[in-house]
Every structure is written in C-alpha cells, then in structure tokens.
Amino acid sequence: MMRGLACVCLWAAVAVVAAGESVSYTTDAFKKEVPKANHFVMFFAPWCEHCKRLAPAWSELAAKLSAEEAVVAKVDCTLETALCSENDVTGYPTLKFFKKGETDGLKFRGSRDLSSLRSFVFEQIGRTEEEEQAAPGGGQQERLVDYTKDTFHQRVRSGKHFVKFFAPWCGHCQKLAPTWEELAQSLDESLAVTVGKVDCTILRDVCIEFEVKGYPTMLWIEDGKKTEKYQGARTLEELRQFVLQRAASGAEADGAGAEAAIEEASPVASLSGESFEAGVASGVALVKFFAPWCGHCKRLAPTWDELAAKFRDNPDVRIAKVDCTLDENKDLCSAQKVNGFPTVFIYKDGDKVEEYNGSRSLDDLFNFVTKHASAKQKDEL
C-alpha cells in the first residue's frame with residue numbers, strides 16, 4: 001500500500017512540473033529527485049509574508065522554465081524541519097540552486113523578481129545572454145549596435161565608437177557577449193559613445209579593412225579611423241573605465257565637455273587584501289564583494305557607480321568594492337565570510353555591522369547607507 005502511495009505522489013509531482021507549476025517536495029522526494037536534475041528550490045513557511053509575496057513570481061518562473069533547464073520546487077519547512085536544517089535554512093524564504101548530481105545548493109541573494117530569478121538560473125546552467133534575450137519575456141531594450149554591411153561605414157564615419165569584432169563560433173567571444181551587452185546598457189547616453197559589434201563571418205571585408213587577426217578584437221574608432229586597440233581585462237569595470245577615459249581624452253582634444261566626461265569616472269573605491277582594513281577603518285563603508293563573471297554583479301555595477309557618486313562629497317561615507325577572484329583578495333573574502341556574489345556588507349569604524357539583503361535599486365541602497373550614517377552621527381553626539 002505504501003509503495004503504491006509513493007508512486008501516486010511521484011506521478012503527481014511530475015504532472016505538476018509538466019503543467020508549468022513548482023513542485024512541492026517531501027524529504028524523501030527531495031533526496032531522490034534533486035540529484036537527477038537541476039533544481040531551484042524555495043524553502044518556505046506558509047505563514048511567511050515574504051514567501052507569500054514571492055509565490056506569484058515563483059509560479060511564473062516555473063511556467064517559463066523547462067524541466068531540462070531547471071525544476072522549480074519548494075519545501076515547506078514547517079513540515080520538513082530536518083531537511084531545512086540540513087540545508088542551513090535560517091530564514092524564509094531561502095532560495096537555493098542545486099546542480100544535477102550535486103547535493104550542496106548555492107544560495108540566491110538577488111532581488112526576488114522574475115527577471116533576476118531567471119537570470120540566476122541561466123547563469124547556473126551556462127546559458128548565454130543571447131539565449132536569455134531571445135527567451136520569451138527576457139531581455140531589455142537593445143542599446144548595443146549590431147552593424148550590418150549597409151550600416152557600418154555610415155555609422156562609424158563620425159563620432160566615437162567602441163566596436164567588438166567577433167566570430168559566433170569563438171569561445172572567448174561567447175564569454176564576452178553578456179559583458180559587452182552590459183557595457184552598452186551601463187553607459188550614459190550623454191557620453192555620445194556607441195558600443196557595437198561586427199560579425200566577421202558575415203562582414204569579412206570590414207574585418208580585413210580594420211586588420212582584425214583574432215577574435216574577439218575590440219577597437220576604438222573615431223570619425224571612421226581606428227585609434228586604439230583595447231588590450232585590457234575583459235571585465236565590465238575595466239571596459240567601462242576604458243570607455244570613460246577615452247571619452248574624456250576625446251573631450252579634452254575637442255576643448256569641450258572634458259569636465260563632464262571626467263566626472264563620469266567611477267568614484268567607487270577598489271579595496272584589496274592590503275588596503276581593506278584602512279579603507280573601512282573610519283566612518284561608514286558599504287562594500288560590494290563581487291566576481292567579474294557574476295551576472296548579478298554586472299547588473300549592479302552601474303547602480304554602484306551612481307550610489308558612490310551620490311556620496312562623493314561626504315567624507316564620512318565610502319562606497320567600495322572587492323574583487324574576490326584576485327589571488328590577493330581570496331583570504332580577505334574568506335575571512336569576511338563571503339559565500340556568494342555579490343555580497344554587500346556595511347562597516348562602521350572598521351566593524352562589520354550588517355549584510356545588506358534588500359532591493360538593489362539605487363533608492364533603497366541610498367536609504368540604507370543614509371540610515372547607518374545618520375545613526376553613527378547620533379552615536380557620536
């Protein structure tokens with residue numbers, strides 16, 4: 001009888017997944033099914049208001065993802081207490097991604113909206129930004145120029161352009177693609193810089209003209225002429241700084257708008273294992289621990305720059321970042337108990353006070369820092 005009941009329960013779970021709904025797991029079903037496929041699991045309590053607010057987005061996520069991409073599931077921690085304890089669930093909802101064949105899940109720390117949840121899943125399964133953009137309901141308004149044979153020379157003959165020359169089969173090009181898209185999205189339109197791309201398997205003559213000998217090749221083009229080949233790191237931060245510096249240089253040469261372009265340079269402090277202690281020693285410091293390959297980190301980067309700009313003239317507040325992939329920072333990130341990216345901590349006079357787990361909007365981050373800065377001032381009175 002029990003064996004028959006188990007079969008009925010398993011059939012019901014499969015039926016739910018097939019219908020585009022999240023599947024509810026008991027402890028036995030969880031341990032049996034999770035190793036078989038990618039799973040994104042919500043550990044929740046029925047009385048939890050945050051869980052109730054997340055429920056519609058969670059159901060929609062289940063409807064948009066195929067079982068081959070990831071099974072969207074949930075576990076009621078008021079019923080499966082031991083299972084939730086085993087998975088280090090200390091608050092509700094806790095969201096974890098389990099890759100096929102693995103029993104340790106990666107905790108999701110992003111915004112709990114459908115777009116962020118989908119992007120997190122795509123990162124975990126290695127889906128490209130182009131595929132995400134093409135998926136139903138995915139993507140943002142395009143700001144990256146995809147040049148054609150008819151438009152390339154017409155577009156680049158005047159103005160400033162940062163152009164990626166690539167081949168679709170190139171692995172390095174595929175890895176760069178989401179960062180290049182994010183770069184285009186992050187730049188202020190007032191810079192008057194176009195970020196574009198050229199497929200050299202289609203526009204062979206253009207690539208020969210610009211002496212492209214490897215992929216990807218990134219060139220700075222002004223008024224139709226190649227002025228510099230980009231040779232730096234392929235992170236969003238490094239690419240963005242290159243564009244801002246070149247825009248500032250061009251503005252100085254024109255004798256106009258130099259101050260505006262230079263002002264665009266990031267006011268975010270980059271801290272390392274050696275400089276971290278001094279960097280957070282006094283005042284209030286909000287520190288983002290990140291990895292350059294992290295999609296959520298890339299999306300947060302322009303907001304982080306804007307946040308730093310708002311506190312630029314406040315000597316008691318510092319907005320900073322730490323690249324946890326650098327060898328000199330790995331011990332620091334471990335000591336600060338960074339378990340996912342991005343992780344954001346606020347420090348007061350050198351002491352870590354709180355981890356930020358709220359919305360990553362500019363207003364919410366600004367209010368969070370202001371609250372702590374105001375509290376510190378009151379403490380000193």
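This is a predicted model: local features need pLDDT of at least 70, side-chain atom pairs count only at pLDDT 80 or more; totals for chains, interfaces and linings use all residues.
**View 1. Helices H8 and H13 lie side by side.** Here we look at H8 (residues 171–186) and H13 (residues 295–310), whose axes come within 10 Å and cross at roughly 20°. Angles under 35 degrees count as roughly parallel, so that is how H8 and H13 are described relative to each other. The crossing of H8 with H13 is right-handed. To find where the helices meet, look for Pro178, Thr179, Glu182 and Ser186 in H8, and for Lys298, Arg299 and Pro302 in H13. Sorted by class, this contact has two nonpolar, two polar and three charged residues.

View 2. The axes of H3 (residues 49–64) and H5 come within 9 Å, and they cross at roughly 45°. This crossing is right-handed. On the H3 side you can pick out Leu54, Ala57, Trp58, Glu60, Leu61 and Lys64, while H5 brings Leu114, Leu117 and Arg118. By class, the contact of H3 with H5 has six nonpolar and three charged residues, with no polar ones.

**View 3. Arg109 is a buried residue in a loop****.** You will find Arg109 between strand S5 (106–107) and helix H5 (114–125). Buried means under 20% relative accessible area, and Arg109 has 18%, so Arg109 counts as buried. Its side chain makes a polar contact with the side chain of Glu355, at 2.6 Å. Setting aside neighbours within four places in sequence, Arg109 is in contact with Asn339, Gly340, Pro342, Thr343, Glu355, Asn357 and Arg360.

Methods. Residues are numbered from 1 along each chain as its sequence is written. Side-chain values use heavy atoms; hydrogens and water are left out. Axes are lines fitted to C-alpha atoms, for helices over the stretch in contact, and angles run from 0 to 180 degrees between N-to-C directions. Helices (H or I, at least four residues) and strands (E, at least two) are DSSP runs, numbered from the N terminus. Angles under 35 degrees count as roughly parallel, over 145 as roughly antiparallel, 65 to 115 as roughly perpendicular and the rest as oblique. A crossing is left-handed if the near helix is turned anticlockwise from the far one by less than a right angle, and right-handed if clockwise. Contact means heavy atoms within 4.5 Å. Ala, Val, Leu, Ile, Met, Phe, Trp, Tyr, Cys and Pro count as nonpolar, Asp, Glu, Lys and Arg as charged, and the others, Gly among them, as polar. Buried means under 20% relative accessible area, exposed over 50%, partly exposed in between (1.4 Å probe, protein chains only). A polar contact is a pair of N or O atoms within 3.5 Å; within protein, one must be able to donate a hydrogen and the other to accept it, and residues adjacent in sequence count only if both atoms are side-chain atoms.
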